[in-house]
Amino acid sequence: MREIKFRVWSRKWEQWLNPEEHVIYADNGDIGEVNDGELVESIVHNTVVEQFTGLHDNNGREIYEGDVVKLHVVILSPDDKAGFIEYRTEFGYCINFGKAVARQEYWAANDKHTIEVIGNIHENPDLLEGVDG
């Protein structure tokens, strides 16, 4: 069974929230701020919650929704492709390349591909130039 983990990006502060200082409410996904074990703010606004996919890249780095990844197809591929990880109910975790989407079964369990996390959509949007999402 895969480990269930999340990370939270604050659009307001443009940084990742410290998981030791914040909680995610299971019933609605709201974020609360905690100080010394006490809830000090019931809802932190303007955040993006991203889930760990349960997968790691070829360097052992955890892959989350919102990560920008580089996919290298070993056979017949002159160029690496960059895209971002997203969850789609019909496919599960995908790599969105803009005009094309690679489903998880294509890139996650194939020894003819390597995948590397090279950034994320919040801190490195420039890595996605030319990718419509």
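Author: A polar contact is a pair of N or O atoms within 3.5 Å; within protein, one must be able to donate a hydrogen and the other to accept it, and residues adjacent in sequence count only if both atoms are side-chain atoms. Here, the side chain of Thr 53 reaches the backbone nitrogen of Leu 55 at 3.1 Å. The Thr 53 side chain also reaches the backbone oxygen of Ile 63, at 2.8 Å.

Reader: On what basis are such values given?

Author: This is a predicted model, in which local features need pLDDT of at least 70 and side-chain atom pairs count only at pLDDT 80 or more, while totals for chains, interfaces and linings use all residues. Residues are numbered from 1 along each chain as its sequence is written, and side-chain values use heavy atoms, with hydrogens and water left out.

Reader: In which strand is Thr 53 found?

Author: Strands (E, at least two residues) and helices (H or I, at least four) are DSSP runs, numbered from the N terminus. Thr 53 is found in strand β6, residues 47-56. The protein chain has twelve strands and one helix.

Reader: Is Thr 53 buried or exposed?

Author: Buried means under 20% relative accessible area, exposed over 50%, and partly exposed in between (1.4 Å probe, protein chains only). Thr 53 counts as buried because its relative accessibility is 4%. Of the 133 residues of the protein chain, 34% count as buried.

Reader: Which residues does Thr 53 touch, not counting those up to four places away in sequence?

Author: Contact means heavy atoms within 4.5 Å. Thr 53 touches Arg 2, Ile 63, Tyr 64, Glu 65, Ile 85 and Tyr 93.
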